[in-house]
Amino acid sequence: MGIMASALQMVENVMGKIVQGLLMPKVAPDWYAGTRRLTEFPEAAADSLLLMGFVTLEVPDMEVAMNFFINGLGAKEQSEVDGARVVQIGASQLRLVPSGSRNDLAEWPGQFYIWVEDSKQTLSCCQAFEKSSGSRVIAEVHHIKEEGAADAILLQDPSGQNCFVVNQAPVGGMARTMRSVLPGTDKASNVLALLGVTHPIPTGQAGGVVRFYSEFLGAAVSKTKQGYALDFSLGKALHQTLTFVEDDDTELPGETPGEKLAEVCLYLVSMQKLKEAYEKCSKAGLVEGEPSWEDVEKRREFCFSRCPDPADKKVVLDLRHRIRAPDHEQWPLPKDLSMRAEFSGAERKLSHLKLEQAEFFRS
């Protein structure tokens, strides 16, 4: 089976067979039902995390990869960080490192969901990239409303390792709202946001994953058509999800962490939330390097990889997490946009998403 056929099969298996139904912006989330014009995201669940900061990817040919992301997909390049080339996709980043440069990094096992302002422009740029590079990156184009319109584009990066589903954002001012939180240099980019990322988990382990994030990060996890989604929100300008999808081919983690793990960076809403998460993770022996709170407070960050189910202490997920406060020195957005007013620390009633989660715990 070729790379592109494999990519399509992988998306069908993990993200669902009906790409038109699950991935089109107007019908994917429940709140997109109908044909109304949209200008902003709805109110997020009370315990949503703040931002999916970055995912680290290995690439075999850095220049070809950067050419694809910048000239094909239409993202922006930012300054290198810790030896990684940085691709800015709205408020989030993909950090690219050469294959083999890190002996602790594994490929990202899921897919990426991206919104653009003009999908026809994205398709045209990717076609031009294919012609100039000789690399095939367009796996599938779905024409749902009219022939010639690129309603959903399935892309595979030049290495064949990473899959991207691209949709055009809803009309009605949504693009303008989403750009409102970005630095001035990013406002002209056709790429608006990394809206979602998927990660497979072993079949039957969703409950443990949900309980882990609820207990250790105090995070909102919502049930979706695809799986269970860890929610992130910058308010009206952005709502993201890291969705854990049960998969028969994914095995339970071993008794010791794997030598190579995928890596993601998550921003919590405040330093107080970072402290609470650190204390819980530290008490459970999860924090890597065993830093003191004073060290974590200074760095505005701590890391863990093992994710146990609080109910029975069985590890249900191995994934390297970099957990950060919004005043971390690498926070990618303007400093005055790092907080959501509705998450000021006041207690609020559970949203309907939290009620669904509570029902899941009881089941």
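Modeller: Let us begin with polar contacts. A polar contact is a pair of N or O atoms within 3.5 Å; within protein, one must be able to donate a hydrogen and the other to accept it, and residues adjacent in sequence count only if both atoms are side-chain atoms. Here, a polar atom of the side chain of Q168 lies 2.9 Å from the backbone nitrogen of S119. This is a predicted model, in which local features need pLDDT of at least 70 and side-chain atom pairs count only at pLDDT 80 or more, while totals for chains, interfaces and linings use all residues. Residues are numbered from 1 along each chain as its sequence is written, and side-chain values use heavy atoms, with hydrogens and water left out.

Colleague: Which strand holds Q168?

Modeller: Strands (E, at least two residues) and helices (H or I, at least four) are DSSP runs, numbered from the N terminus. Q168 belongs to strand β8 (residues 163–168).

Colleague: Is Q168 buried, partly exposed or exposed?

Modeller: Buried means under 20% relative accessible area, exposed over 50%, and partly exposed in between (1.4 Å probe, protein chains only). Q168 is partly exposed because its relative accessibility is 29%.

Colleague: Why is strand β11 described as largely enclosed?

Modeller: In a regular strand, side chains alternate between the two faces of the sheet. Six of the six residues of β11 (residues 228–233) are buried, so the rest of the structure largely encloses this strand. Y228, L230 and F232 are buried on one side, and A229, D231 and S233 on the other.

Colleague: How many bridges join β11 to β12?

Modeller: Two strands pair if DSSP finds at least two bridges between them. Six bridges join β11 to β12 (residues 239–247), and the two run antiparallel. F232 has Q240 in β12 as its bridge partner. These strands form a hairpin with five residues between them, and G235 in the turn has a positive phi of about 95°. Strand β10 (residues 221–223) also pairs with β11 in the antiparallel sense, over three bridges.

Colleague: Which residues does L230 contact?

Modeller: Contact means heavy atoms within 4.5 Å. Leaving aside neighbours within four places in sequence, L230 touches several residues, including L49, Y213, L242 and L266.

Colleague: How far may the prediction be trusted?

Modeller: The predictor's confidence in each residue is its pLDDT, from 0 to 100. The chain has a mean pLDDT of 84, with 80% of its residues at 70 or more.
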